[in-house]
Every structure is written in C-alpha cells, then in structure tokens.
Amino acid sequence: SLDNLGTTLDAQGKQTDFLAADRESLEIIESLIGEFPNVPSYQVSLGAKNCNTGIHLLENGLPAESLPYFDKAVATLRIVLARDSRIESARQFLANSYGSMGRALDKLERHTEAIAALDQATEWVAESRKPSFVFMKARVVSKTQPEHAKSLVEEYLRCDAADPDMRYNAACFYSHLASITTDKSDQDRHVQRALQLLTQARDQGFFTPPQVAHFRSDSDFTFLRSHVDFQAFEMSLPIAPPQK
C-alpha cells in the first residue's frame, strides 16, 4: 500500500511525501527480514525496493544519488541467487539493477564502468529481454566506437527472433547514432536505417494506438523529427486517440 501511495504521490509531483512513503516501506521490509531472515521473498522485495528507488532518482536527474541504491540492490539480490539461482524475480531485478546502474554511470561519463554493468545485466536477464540491454550498451559504445556499436545491434537484427519491438528499439539506437554523428553522409545513412526499421516494425503490426501515442512523444526520435522522410512516416501511422 505504501508503494502504491508513493507511486501516486510521485505522479502528483509530491517528492517529499513520496520519499517519506518510500522510506516507511523500506523500514517495513527491513524489519521483516530481521524477523524472518530465511524468507527469500523479503530479500527480493528489499532488492526490488532499492532498485526502484534508484530508478526514481535516476529518472529525476540524480544519477550520482541513484548509484548507492543500485549497489545495495545488487548486493542483496546476489546473496539471494547464491542460495537459489532459480528465483526468477531476483534474476529480473538484478538485471534491472545492473542495467539502470549502467545508465547512471553513462550519464556520469563513466563509460567503461557503464559497459561493465550492462554486460552484467545481460548475464542475468532472460533471453527475450537481452536485446534491450545490448542496445543500451551499444549507445554507450557508440560514443567511442560507432562501428562496433552498430555491429552489436545488427547482430540481433539478423537473428530469427527479430520482432517488431526489437526493430523499434534498434531504430531508437540509430536515431541516437545520427544525433551524435558529425559526418553528414554517415548521419543520413543512420537516419535512413532508423526509418527502414520503423517501417518494418509498422508492417509487422507494431504501431497499435497506444504505441503510436508513445512514438509521437518518444524523446529518442527528437533528432529525426525535423527530417521530411520521418514526418512522412509519422503521417502514415493511424491517428492515436487522445491520452486521458
């Protein structure tokens, strides 16, 4: 209940109240662990709580402040998995903790550490979610080794499991790559590759009304929005219903 209350307070912009609810929820989990140290679900809840608090701080522009929470989450969840590696929720939250840690380190320009964290994420994540973490890593790698970053993404696009969601995320990567590329011809190639992937995703049925609404506000495509070809693609999509 406190977690749900915190989510509501956060959505209302009441950060002080959100943090108070978050702290109280954390205290309850810690007291449960103190009383019942052999119940794995309480340990998983503690890891999840620290992971989610770190994500909240990261998404509110506080990457340095988020790192201690990711460290705590990783430490807790690794202990759980050392006892029983089959606990799927622990594996998922550990992957999320490492992935979000990688994003935070990247924002702090600690790129080598960011790549190491994202590599750890791919070790623990389910196979179906692995591409999203590889694509995160590709963004970090692209700042110094753009060709290697492209090869990481394209390797997944060649596999049989390249679904429309994967193509959409790859298009996000190429939009990012275009935005950091100074060579005009390379930039144009990246824009066209992003559009090709978006078209493939559309033809595979990706753009349902909710996805169209998300796409129209997706900051990953900010750089592409001024391009005529991108505007034409956007016009080809169904009109999304107004968001409530």
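A residue counts as buried when its relative accessible area is under 20%, and I would like to begin with that cut-off, because His 190, at 6% relative accessibility, falls on the buried side of it. Please keep in mind throughout that what we are looking at is a predicted model.

So where does His 190 sit? You will find His 190 in helix H10, which covers residues 184-203, and, leaving aside residues up to four places away in sequence, His 190 touches Lys 150, Tyr 174, Leu 177, Ala 178 and Thr 181.

Let me turn now to the start of the chain and to a pair of helices. Two packed helices are described by the angle between their axes and the distance between the axes. Helix H1, residues 2-11, packs against helix H2, residues 15-35, with an angle of about 165 degrees and with the axes 8 Å apart; because an angle over 145 degrees counts as roughly antiparallel, that is how we describe H1 relative to H2. The crossing of these two helices, H1 and H2, is left-handed. On the H1 side the contact is made by Leu 2, Asp 3, Leu 5, Gly 6, Leu 9 and Asp 10, while H2 contributes Gln 15, Asp 17, Phe 18, Ala 21, Glu 24, Ser 25 and Ile 28.

My last topic is charge. Side chains of opposite charge can pair when their charged atoms come close, and a search of the whole structure finds 15 salt bridges.

One of them joins the side chains of Asp 106 and Lys 143, at 2.7 Å from N to O. Asp 106 belongs to helix H5 and Lys 143 to the loop between helix H7 and helix H8, so this pair ties together parts that are 37 residues apart in sequence. Asp 106 is buried, at 14%, whereas Lys 143 is partly exposed, at 39%.

A salt bridge also forms between the side chains of Asp 119 and Lys 137, at 2.9 Å from N to O, and it links Asp 119 in helix H6 with Lys 137 in helix H7, 18 residues apart. Here Asp 119 is partly exposed, at 30%, and Lys 137 is buried, at 17%.

Finally, Glu 234 pairs with Arg 225, where the closest N and O atoms are 3.5 Å apart; Glu 234 is buried at 15%, and Arg 225 is partly exposed at 23%. Elsewhere, salt bridges that share partners join Asp 3, Asp 22 and Lys 49 into one network.

How values were computed: Residues are numbered from 1 along each chain as its sequence is written. This is a predicted model: local features need pLDDT of at least 70, side-chain atom pairs count only at pLDDT 80 or more; totals for chains, interfaces and linings use all residues. Side-chain values use heavy atoms; hydrogens and water are left out. Helices (H or I, at least four residues) and strands (E, at least two) are DSSP runs, numbered from the N terminus. Buried means under 20% relative accessible area, exposed over 50%, partly exposed in between (1.4 Å probe, protein chains only). Contact means heavy atoms within 4.5 Å. Axes are lines fitted to C-alpha atoms, for helices over the stretch in contact, and angles run from 0 to 180 degrees between N-to-C directions. Angles under 35 degrees count as roughly parallel, over 145 as roughly antiparallel, 65 to 115 as roughly perpendicular and the rest as oblique. A crossing is left-handed if the near helix is turned anticlockwise from the far one by less than a right angle, and right-handed if clockwise. A salt bridge is a side-chain nitrogen of Lys or Arg within 4 Å of a carboxyl oxygen of Asp or Glu.
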